[in-house]
Amino acid sequence: MITFQQETFDDVYEPLQALFPLHWEELALDKDIIPLDPDYDVYRQAEKAGQLLVITCRKEGEIIGYFVGFVRTDLHYKTCLTCRMDIFFIHPDHRKSSLGIKLFTELKNVCQQRGVRRIVLGSKCHKDASILFERLGYTEIERFYSLRIE
Amino acid sequence: MRHLQLIAQGLDVSSLLTQINVNPGLWKKDTYHKDYPNYPFKHTETIYLRFTPDAKNFVHGGNQDLHECEWMDGAIHLPAARPFIFGLMAKLEAERLGRVIINKLAPGQSMFAHVDPEFFTSYWTRFHLSIQSAPGCICRCADEKTYMRPGEVWRFDNGVEHEVNNNSAVERIHMICDLRLYSIKSEGQTPTKPL
């Protein structure tokens, strides 16, 4: 059985510790100089403010995928409640079974119930998830650039 | 959320869970729910603390009060349930106590989507006390979903389509209480002047 559900930070903190290294290894840039070190206090504060959105994909009790985002009014458009993705990940062992589509479909359902008017997602250039997003109706709107300063 | 409402949290259910675990025979005493038509509960085991006597044979339209429930064996062996039952009634000023059952759903199993009969849902309000559960165990009522943590009490709208998927690693054990909450038909009713 595979289910998708919204969860709290406390419920997912421990199980996600096992998945973050995999996620980081596959997706992070500049791994040689920037170690993984999440600022969990920020996540906890966001959850207390009702702004953290965590959706998990579980199989027999184990988390095999997740979406983490922040829900708040847009900085430039404060009448627009926006969900901005932080991270998402599906365990490599479970990637051939449409779980990504179902995860983002659950995200859309949850956001609709919360009155979110726009969802903003990101896709790494070297691990491009655009096909998934475009299949779900998302449109490319912006590009981000990074500069390493030595 | 309209169909699911958190009523209380942080309750200590360890005594009740212990009593349940040392009386495993209670799960096998009756299979009324397991054998229910269309089998929404076919993966469920149930302990009956309070229920309609001779439930399989009651007939609508007869003289008996079909809402009247009686204490059953589960209540004898699980005295730790009483403070939760009567504490909830006092908290909500409930006027009448209906069914009290404890359901168990194994990991990987489901209570399939169904709607409870309007005859009951229009009279009673249903509450769940989560005794044992874990993340991944999700109750759905219409378009709302939640995970009920052990020690939490929830109002649960069984008058809309609902289901449970236990995608956790533990058995889900919930106590379900039906309460008749404060109800008044209309103003102006007096002993000698019925409406």
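User: Two strands pair if DSSP finds at least two bridges between them, and strands are DSSP runs (E, at least two residues; helices H or I, at least four), numbered from the N terminus. What makes strand E7 and strand E10 of chain B a pair?

Analyst: This is a predicted model, in which local features need pLDDT of at least 70 and side-chain atom pairs count only at pLDDT 80 or more. Residues are numbered from 1 along each chain, and chains are lettered from A in the order in which they are written. Strand E7 (residues 137–141) and strand E10 (residues 162–166) of chain B are joined by five bridges in the antiparallel sense, and at least two are required, so they pair. Within E10(B), B:His162 is the bridge partner of B:Cys141.

User: Why is B:Cys141 called buried?

Analyst: Buried means under 20% relative accessible area, exposed over 50%, and partly exposed in between (1.4 Å probe, protein chains only). B:Cys141 has a relative accessible area of 0%, and is therefore buried. A:Cys57, at 0%, is likewise buried.

User: Why is B:Thr44 called buried?

Analyst: The relative accessible area of B:Thr44 is 2%, so this residue is buried. B:Thr44 is found in strand E2 (residues 44–51) of chain B.

Definitions and conventions: Side-chain values use heavy atoms; hydrogens and water are left out.
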